[in-house]
Amino acid sequence: KDVTTDTSAYFTSPTAATTTGVVAAVNGVVTLNGAKVATITGLTINIAGGMSAVPVVGSNSYSDIAEGRVRVTGQLTALFEDLTYFDLFDDETEFAIAAAFTTASTAAADFVSFVLPRVKLGSADIDDGEKNLSQTLSFTALYNSAGGAGTSSEQSTLVIQDSQA
């Protein structure tokens, strides 16, 4: 097909833009081990697929891509109130993180939620600059082998739920 002389319309019936709202932290909640926390200032989740490939002689592409172990890590920042988070780190205590964010403050609002049923802290640093005391906590999500049917959590490392999916 010669695109320089073709005059037909490319999009004859394009899909309408979504009208779904944008999720916001102000409409959200974060829980640690099931207890609401109102001091969280940031949550970052990183997912590394662990894919690897070996180049072969005489080809510009890989012959195969091997699936490795998926690693889920992240960082939690929070205002410093007491030693709760530091104690979780110091005692090497595993706990759950659940975060849900909605598009509005109504009961039927669309939402996205992230649940890490088993995490362990790797660091607990306190920033005592000229502002509110804050702490940065790095974590690694672990596979929750105790979850599944008949339990309160999934048998997974990370569970993502989107009401629009």
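The structure is a predicted model in which local features need pLDDT of at least 70 and side-chain atom pairs count only at pLDDT 80 or more, while totals for chains, interfaces and linings use all residues. Residues are numbered from 1 along each chain as its sequence is written, and side-chain values use heavy atoms, with hydrogens and water left out.

Confidence is expressed as pLDDT, the predictor's confidence in each residue on a scale from 0 to 100. The protein chain has an average pLDDT of 87, and 93% of its residues score at least 70. Among the elements of the chain, strand β9 (residues 134–141) has the highest mean value, 95, and strand β1 (residues 24–32) has the lowest, 84. Helices (H or I, at least four residues) and strands (E, at least two) are DSSP runs, numbered from the N terminus.

D91 counts as exposed because its relative accessibility is 54%; buried means under 20% relative accessible area, exposed over 50%, and partly exposed in between (1.4 Å probe, protein chains only). E92 is likewise exposed, with a relative accessible area of 53%. Its backbone deserves attention: E92 has a positive phi of about 55° although it is not a glycine. Most residues other than glycine have a negative phi. N33, in the loop between β1 and β2 (35–37), also has a positive phi of about 55° without being a glycine. N33 is exposed, at 52% relative accessibility.

Salt bridges come next, each defined as a side-chain nitrogen of Lys or Arg within 4 Å of a carboxyl oxygen of Asp or Glu. The count by this rule is three. In one of them, the side chains of K120 and E92 meet at 3.5 Å, N to O. Because K120 lies in strand β8 (residues 111–127) and E92 in the loop between α1 and β7, this pair ties together parts that are 28 residues apart in sequence. R118 forms a salt bridge with E94, with the closest N and O atoms 2.7 Å apart. R118 lies in strand β8 and E94 in the loop between α1 and β7, so this pair links parts that are 24 residues apart in sequence. R118 is partly exposed at 26% relative accessibility, and E94 is partly exposed at 36%. D127 and K131 also form a salt bridge (2.8 Å, N to O).

On the surface, E81, D82, D87, D90 and D91 gather in a patch of negative charge. Patches are made of residues with over 30% relative accessible area and no salt bridge, with like charges joined within 9 Å and nonpolar side chains (Val, Leu, Ile, Met, Phe, Trp, Tyr) within 5 Å. A nonpolar surface patch of about 280 Å² is made by I47, V70 and I160. V70, in the loop between β5 (65–66) and β6 (71–79), is partly exposed, with a relative accessible area of 49%.

Two further loop residues complete the picture. V54, in the loop between β4 (52–53) and β5, is exposed at 61% relative accessibility. The C-alpha atoms of V54 and E130 are separated by 50 Å, and the two residues are 76 residues apart along the chain. L158, in the loop between β9 and β10 (159–162), is buried, with a relative accessible area of 16%.

Note on methods
Accessible areas come from the Shrake-Rupley method with a 1.4 Å probe; for residues, only the protein chains shown count as cover. Lys and Arg count as positive and Asp and Glu as negative; His and the chain ends are not counted. The place of a charge is taken as NZ of Lys, CZ of Arg, CG of Asp or CD of Glu.
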